[in-house]
Amino acid sequence: MSGGMGILLDRMAGSLAGVAIGDAMGMPCEFLTREEIRARYGWLDRFVAPDVSHFHHGMCAGRITDDTEQTIALIGALDRHSRITPETAAEAYLKWADDCNAWQSTVMGPSTRRALERLKAGEDPRTTGSSGDTVGAAMRVAPIGLVNAGRLAEAAEECYMSCLPTHGVNIAIGGACAVACAVACALGATLAADTGVIGEILDAAVWGAQYGEARGAKWAGASVAARIRLAQRIVAESRCAGEALDALYETCGVGMLPTELVPSAMGIIALYGTDCAKAVETAVNMGGDADTLASIVGAVTGALCGIGGFPAEWVRTVEDVNGISIRELAHGLVCVIERRSVHDRS
């Protein structure tokens, strides 16, 4: 493999590792408050099993949830079809639900469940997500950003296609396109302290959010793009990281709506974007939809810094516990890029 492809593979693996690590580390914190996390764990910087009172109880330390599982499902769809359409995306999500027995588990989100039930009934995948307004599309779209590195318009359009079967409301599309474009920008960027790369990534996220919010069923309420800018201002105007995180938690929020979680993720990236481990740990300890928040943060920062930005022990844990190979998954995406290149030349 050439040096350029080796770097690409490393940074793709970093993004996918960030998804899995954030998901697994955040899993026992899902929907806890910051105060509850402090009381149970102090500062959570390791993989732990959920408390017996948690709705994920019975899952082991290091176990991924639907965030990573659906991300892998999209990688599978890209491997089989090279490009994502509503039809290929719907096939992938239904296959995930059946293969992982998600119908009987605690991991399937409300928008996804409603949409997949409609898909199973034979409805059109371009309309089954018409009521999906949560962050379930944003959590899984890293692969789409990765195969469209540096190409925001292409990343946003393919991301939009991936949203329709389950999350067709404009804020859900906007949140997903923000993440896909941030990942695409991060993967195409040069990591250097003086380049302003984090600002470029956040600009890409805003552009993606605006693209997505112009599509789908309309939401009467806050804008993902406007609240990403709010998160940027909060970070820029805060006197210290702790003050910024308090304000993100209280003002942007960490709930399941894209207008909360995606802006808070971008705020954490603004604070710690070149330190993958610190960024993911911080997201985990924010509470709320912590596994998804940390997955999004990990996807973007990992694409920028590469897999070496995470402790090797963390990577080994999520691979061993879940029976996955991060580098093999990343290699599959490199192959997708190569096939697309051959197709486009021909």
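Buried means under 20% relative accessible area, exposed means over 50%, and partly exposed covers what lies in between, with a 1.4 Å probe and protein chains only.

The legends describe a predicted model, in which local features need pLDDT of at least 70, side-chain atom pairs count only at pLDDT 80 or more, and totals for chains, interfaces and linings use all residues. Residues are numbered from 1 along each chain as its sequence is written, and side-chain values use heavy atoms, with hydrogens and water left out.

**Figure 1. The whole protein chain.**
The protein chain has 16 helices and zero strands; helices (H or I, at least four residues) and strands (E, at least two) are DSSP runs numbered from the N terminus. Its radius of gyration is 18 Å, close to the 20 Å that the globule rule gives for 346 residues, so the chain is as compact as a globular protein of that length. That radius is taken over C-alpha atoms, and the rule is 2.2 Å times the number of residues to the power 0.38. The C-alpha trace spans about 55 × 45 × 45 Å along its principal axes. Of the 346 residues, 60% are buried. Contact means heavy atoms within 4.5 Å. Among contacts between residues at least 6 apart in sequence, 72% join residues at least 24 apart.

**Figure 2. The largest nonpolar core.**
A nonpolar core is a set of buried Ala, Val, Leu, Ile, Met, Phe, Trp, Tyr and Cys residues joined through side-chain atoms within 4.5 Å. The largest one holds 122 residues, of which I21, V262 and I268 touch the most other members. Helix α8 (residues 170-188) gives the largest share of this core, 13 residues. Not counting residues up to four places away in sequence, V262 touches V135, A138, G175, A178, V179, V224, I228 and I296.

**Figure 3. A180 in helix α8.**
A180 is placed in helix α8. A180 is buried, with a relative accessible area of 0%. Leaving aside neighbours within four places in sequence, A180 is in contact with V141, G145, A155 and C159. A180 and G22 are 158 residues apart along the chain, and their C-alpha atoms are separated by 17 Å.

**Figure 4. Helices α9 and α12.**
Two packed helices are described by the angle between their axes and the distance between the axes. The axes of α9 (residues 197-213) and α12 (residues 258-272) come within 9 Å and cross at roughly 170°. Here axes are lines fitted to C-alpha atoms, for helices over the stretch in contact, and angles run from 0 to 180 degrees between N-to-C directions. α9 and α12 are therefore roughly antiparallel to each other. Angles under 35 degrees count as roughly parallel, over 145 as roughly antiparallel, 65 to 115 as roughly perpendicular and the rest as oblique. On the α9 side, I198, L202 and A205 meet M266, I269 and A270 of α12. The residues of this contact divide into six nonpolar, no polar and no charged. In this division Ala, Val, Leu, Ile, Met, Phe, Trp, Tyr, Cys and Pro count as nonpolar, Asp, Glu, Lys and Arg as charged, and the others, Gly among them, as polar.

**Figure 5. L257, in the loop between α11 and α12.**
L257 is found in the loop between α11 (241-252) and α12. With a relative accessible area of 26%, L257 is partly exposed. L257 touches D133, I171 and W219, not counting residues up to four places away in sequence. C-alpha to C-alpha, L257 and D133 are 6.8 Å apart in space, while 124 residues apart in sequence.

**Figure 6. I324, in the loop between α15 and α16.**
I324 lies in the loop between α15 (312-322) and α16 (326-345). I324 counts as buried at 17% relative accessibility. Residues up to four places away in sequence not counted, I324 touches I72, V318 and E319. I324 and I72 are 252 residues apart in sequence and 9.6 Å apart in space, C-alpha to C-alpha.

**Figure 7. S82 and R83, in the loop between α3 and α4.**
S82 has its place in the loop between α3 (66-81) and α4 (86-99), and R83 lies in the loop between α3 and α4. S82 counts as buried at 19% relative accessibility, whereas R83 counts as partly exposed at 37%. Phi of S82 is near 75°, a positive value in a residue other than glycine. R83 touches L78, T88, E158, R340 and D344, not counting residues up to four places away in sequence.
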